[in-house]
Amino acid sequence: MVKRLDEKSEELPDHVGWRLWNASRAWQADFAAAMRGAGHPWFTEARATLLGHLARKGTRQSELIERMAISKQAVQQLLDGLEAEGVVARLPDPQDGRAKLVCYTQKGLAALRDGDHIKREIERRYIARLGPARFAALMDALRALDERRSESTGEDADASHEDPESK
C-alpha cells in the first residue's frame, strides 16, 4: 500500500520560494566557506545569522533577541561563543545601565572588512555568470520583493542603495 502511494505522488512544484531559498542557502554556504578560508575558523552560518542583525555601531542584546525571533537562550549561546572567540563584547549600554550593548571587537571589525571583500567577490562571480544586465535586473527585482525593507523605512522599493547595517 505504501508503495502505491509513493508511486502516485506528484512532483514538487517549481516555485519562487524554493528558488529563493536554494539561492540563499548556496550564497550563505559560499560566504561561510570563504570566511573560514580567510582566517575566521569560528565563522558558521548560525553565527552569521546573529551577526547579520548586529549593527556595526553595536546593538542591544534584547534587540538582537527580538530581531532574530529565537529564544533568549539561543541568542545567549551564540553570543557566548562569539564573545569567547573575541569577535564581540557585551558592554553596559551608556543609555541604560541595565541593558547590554553587543559591540564588535577589533577582531570582529576585521572579520566584517573581510566579509565585505568576500561579498563583493561573490557578487563579481554572479555578474560573470548572469551578465551585468541580468544581474542588475535581479537586484532590482529583489529590492522590489523586499517589502519589509520598503515598508519599515518608507523607502521606495526600487531604491538602489545598501542598508547601512548590511550583513
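What follows is a chat about a predicted model of one protein chain.

Trainee: What kind of structure is this, experimental or predicted?
Mentor: The model is predicted.

Trainee: OK. How many helices and strands does the chain have?
Mentor: There are eight helices and three strands. Read from the N terminus, the elements go α-α-α-β-α-α-β-β-α-α-α.

Trainee: And how much of the chain counts as buried?
Mentor: The chain has 167 residues, and 29% of them count as buried.

Trainee: What about contacts between residues at least 6 apart in sequence, how many join residues at least 24 apart?
Mentor: The share is 45% of those contacts.

Trainee: Let's do the sheet. What is the strand order?
Mentor: The order is S1-S3-S2, in an open sheet of three strands with antiparallel pairing. S1, residues 59-60, and S2 are the edge strands; each has a single partner strand, so one side of each has no neighbour in the sheet.

Trainee: What holds strands together in general?
Mentor: Strands of a sheet pair through backbone hydrogen bonds, in either a parallel or an antiparallel sense.

Trainee: Back to this one. How many bridges join S2 to S3?
Mentor: Six bridges join them, and the two strands run antiparallel. S2 covers residues 88-93. S2 and S3 also form a hairpin, with two residues between them.

Trainee: Which residues face each other there?
Mentor: Asp93 has Asp96 in S3 as its bridge partner. Pro92 stands opposite Lys100 in S3.

Trainee: And how many bridges between S1 and S3?
Mentor: Two, again in the antiparallel sense. Arg60 has Leu101 in S3 as its bridge partner.

Trainee: What is Thr59 in contact with, leaving aside neighbours within four places in sequence?
Mentor: The contacts of Thr59 are His53, Leu54, Leu64, Arg67, Lys100, Leu101 and Val102. Thr59 and Val102 are 43 residues apart along the chain, while their C-alpha atoms are separated by 5.3 Å.

Trainee: Moving on to Gln61. Where does it lie?
Mentor: Gln61 is in helix H4, residues 61-68. Gln61 is buried, at 12% relative accessible area. Leaving aside neighbours within four places in sequence, Gln61 is in contact with Gln76, Leu79, Arg90, Lys100 and Val102.

Trainee: New topic, H6. How many residues does it have?
Mentor: H6 has 25 residues, 106-130. From first C-alpha to last, H6 reaches 36 Å, close to the 36 Å expected at 1.5 Å a residue.

Trainee: Which residues in H6 are buried?
Mentor: Gly108, Ala111, Leu112, Gly115, Asp116, Ile118, Lys119 and Ile122 are buried in H6. Their cover includes helix H2, residues 16-37, and strand S3, residues 96-104.

Trainee: What comes just after H6?
Mentor: Gly131, which takes a positive phi of about 90 degrees. Helix H7 covers residues 132-145.

Trainee: Left-handed or right-handed crossing?
Mentor: The crossing of H6 and H7 is right-handed.

Trainee: Last one. Which residues meet between H6 and H7?
Mentor: From H6, Glu123, Tyr126, Ile127 and Leu130 meet Pro132, Arg134, Phe135 and Leu138 of H7.

Key. Residues are numbered from 1 along each chain as its sequence is written. This is a predicted model: local features need pLDDT of at least 70, side-chain atom pairs count only at pLDDT 80 or more; totals for chains, interfaces and linings use all residues. Side-chain values use heavy atoms; hydrogens and water are left out. Helices (H or I, at least four residues) and strands (E, at least two) are DSSP runs, numbered from the N terminus. The expected span of a helix is 1.5 Å times one less than its number of residues. Buried means under 20% relative accessible area, exposed over 50%, partly exposed in between (1.4 Å probe, protein chains only). Contact means heavy atoms within 4.5 Å. Two strands pair if DSSP finds at least two bridges between them. Axes are lines fitted to C-alpha atoms, for helices over the stretch in contact, and angles run from 0 to 180 degrees between N-to-C directions. A crossing is left-handed if the near helix is turned anticlockwise from the far one by less than a right angle, and right-handed if clockwise.
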